[in-house]
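Colleague: I would like to learn how to read a model like this one. Can we take the features in turn?

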Amino acid sequence: MARVVVDVMLKPEILDPQGQAVQRALPRLGFEGITDVRQGKRFELDVEGPVDDAVLARVREMAETFLANTVIEDFTVRVEEPAEEGAPA
């Protein structure tokens with residue numbers, strides 16, 4: 001079984017209040033040097049069979065019409081290679 005990952009992020013020009021809240025909290029928790037935080041969404045889709053161009057096109061269509069609000073969000077689609085057995089995740 002293959003896994004396709006869709007990462008959805010707010011477009012750079014869109015205000016990210018959740019990311020800003022995290023950025024403001026980090027120094028109070030002892031984490032210094034972070035100049036910006038953007039929060040997004042990650043969807044992991046397990047796909048039956050091999051992932052070919054047709055499957056990726058279908059996932060892009062799914063992301064464009066359902067997973068992301070393309071007015072304010074950008075998305076990327078990628079195939080995630082399976083981890084080797086016994087390897088740390």
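Colleague: Which residue forms a salt bridge with Asp7?

Modeller: Keep in mind that this is a predicted model. The general idea comes next. Side chains of opposite charge can pair when their charged atoms come close. Here, Asp7 pairs with Arg78, and the closest N and O atoms are 3.5 Å apart. Asp7 belongs to strand S1 and Arg78 to strand S3, so the bridge links distant parts of the chain, 71 residues apart.

Colleague: How is the accessibility of Asp7 classed?

Modeller: Asp7 has 21% relative accessibility, so Asp7 counts as partly exposed. Arg78 is also classed as partly exposed, at 34%.

Colleague: How many salt bridges does the structure hold?

Modeller: Eight. One of them joins the side chains of Glu44 and Arg42, at 2.8 Å from N to O. Arg42 also meets Glu80 in a salt bridge, at 2.6 Å from N to O. Glu80 sits in strand S3 and Arg42 in strand S2, so this pair ties together parts that are 38 residues apart in sequence.

Colleague: Which residues do salt bridges with shared partners join into one network?

Modeller: Arg3, Arg42, Glu44, Asp46 and Glu80. Glu44 is partly exposed at 41%. Arg42 is partly exposed at 40%. Glu80 is partly exposed at 23%.

Colleague: Now the sheet. In what order do the strands lie?

Modeller: The order is S2-S1-S3, in an open sheet of three strands with antiparallel pairing. Strand S2 (40-47) and strand S3 (73-80) are at the edges with a single partner strand each, so one side of each has no neighbour in the sheet. From one strand to the next, the twist averages 20 degrees.

Colleague: How many bridges join S1 to S2?

Modeller: Eight bridges join this antiparallel pair. Val8 has Lys41 as its bridge partner in S2.

Colleague: Which strands does helix H2 lie across?

Modeller: For a helix on a sheet, look at what the helix crosses and at what angle. Helix H2 (residues 53-67) lies across S1, S2 and S3. The helix runs at about 150 degrees to S3.

Colleague: Take Val59 in that helix. Is Val59 buried or exposed?

Modeller: Val59 has a relative accessible area of 4%, so Val59 is buried. Next, read its contacts. Beyond its neighbours within four places in sequence, Val59 is in contact with Val4, Val6, Leu45 and Val77. Val59 and Glu48 are 11 residues apart in sequence, and their C-alpha atoms are 13 Å apart.

Colleague: One more case. Where is Lys11 found?

Modeller: In the loop between strand S1 (2-10) and helix H1 (17-28).

Colleague: What is the nearest side chain of opposite charge to Lys11?

Modeller: Asp74, at 4.3 Å. The salt-bridge cut-off is within 4 Å, so a pair must meet that limit to count. Lys11 is buried yet has no salt bridge. Look for other polar partners, then. A polar atom of the Lys11 side chain lies 3.0 Å from the backbone oxygen of Thr70.

Colleague: Which residues does Lys11 touch, not counting those up to four places away in sequence?

Modeller: Arg38, Thr70, Val71, Ile72, Glu73 and Asp74.

Terms used
Residues numbered from 1 in each chain as written. Predicted model: local features only at pLDDT ≥ 70, side-chain atom pairs only at ≥ 80, totals over all residues. Heavy atoms only, no water. Helix = DSSP H or I, 4+ residues; strand = E, 2+ residues; numbered from the N terminus. Buried < 20%, exposed > 50% of the residue type's maximum accessible area, 1.4 Å probe, protein only. Lys, Arg positive; Asp, Glu negative; His and termini not counted. Polar contact = N/O pair within 3.5 Å; in protein donor to acceptor, adjacent residues only side chain to side chain. Contact = heavy atoms within 4.5 Å. Pairing = 2+ DSSP bridges. Axes fitted to C-alpha atoms, helices over the stretch in contact; angles between N-to-C directions.
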